[in-house]
Amino acid sequence: MKRLLIISFLVLSVFTLSACGEKAFPRNAENIYIGTIAPQGRFWVFETDAGIFKISSTFLDLNPYLGKKIKIHGQFSKDTFFIDDVKIAQ
């Protein structure tokens with residue numbers, strides 16, 4: 001009986017704590033977002049009307065886009081959005 005109580009407690013704890021993670025940014029099917037960027041440590045952050053998430057790009061220089069409204073295309077890898085293409089939003 002004591003084992004059953006301990007196992008039940010552990011299972012309940014796992015379900016309860018699994019909801020404590022960081023809120024995921026809403027992803028769209030096209031992987032296109034419009035917003036503004038700002039530097040933050042080794043990453044850039046991208047702010048949209050829906051929220052803020054980290055972005056990164058291996059090949060693109062994002063400095064010319066600081067303070068401008070841009071349109072980015074790419075894909076998420078864990079909590080970072082890797083940019084394949086960036087354009088000034090119209």
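Here is a walk through the structure above, from its strands to its core and then to its charged pairs.

First, some ground rules: this is a predicted model, where local features need pLDDT of at least 70 and side-chain atom pairs count only at pLDDT 80 or more, while totals for chains, interfaces and linings use all residues. Residues are numbered from 1 along each chain as its sequence is written, and side-chain values use heavy atoms, with hydrogens and water left out.

Let's start with the strands. They are DSSP runs of E with at least two residues, numbered from the N terminus. In this model, 5 strands make a closed barrel in the order β1-β2-β3-β5-β4, and the pairing is mixed. Two strands pair here if DSSP finds at least two bridges between them. On average, neighbouring strands of this sheet are turned by 55° against each other, direction ignored; the axes behind such angles are lines fitted to C-alpha atoms, and angles run from 0 to 180 degrees between N-to-C directions. Take β1 (residues 32-40) as an example: 4 bridges join β1 to β4, and the two run antiparallel. If you want to spot one of the partners, look at I32, whose bridge partner in β4 is H73.

Now look for the rings. Rings of Phe, Tyr and Trp (its six-membered ring) pair if their centres lie within 6.5 Å; planes under 30 degrees apart count as stacked, over 60 as edge-to-face and the rest as tilted. How many aromatic pairs does the structure hold? There are 7 aromatic pairs. One of them is Y33 with F76, which is edge-to-face, with 6.2 Å centre to centre and 80° between the planes. Because Y33 lies in strand β1 and F76 in strand β4, this pair ties together parts that are 43 residues apart in sequence. Both Y33 and F76 are buried, a word that means under 20% relative accessible area, with exposed meaning over 50% and partly exposed in between (1.4 Å probe, protein chains only).

F46 and F53 make a tilted pair, because their ring centres are 5.6 Å apart and their planes sit at 50°. F46 is buried at 0% relative accessibility, and F53 is buried too, at 5%. Ring pairs link Y33, F46, F53, F76 and F81 into a cluster.

F46, F53 and F81 turn up again in the largest nonpolar core, where they are among the residues with the most contacts, along with I37, I55 and I72. A nonpolar core is a set of buried Ala, Val, Leu, Ile, Met, Phe, Trp, Tyr and Cys residues joined through side-chain atoms within 4.5 Å.

Finally, the charges. Side chains of opposite charge can pair when their charged atoms come close. A salt bridge is a side-chain nitrogen of Lys or Arg within 4 Å of a carboxyl oxygen of Asp or Glu, and the count comes to 2 salt bridges. K54 and D79 form one of them, at 3.5 Å from N to O. That pair links distant parts of the chain, 25 residues apart: K54 is in strand β3 (residues 51-56), and D79 is in the loop between β4 (70-77) and β5 (80-88). K54 is partly exposed at 25% relative accessible area, and D79 is partly exposed at 40%. D85 and K87 also meet in a salt bridge, at 3.8 Å from N to O.
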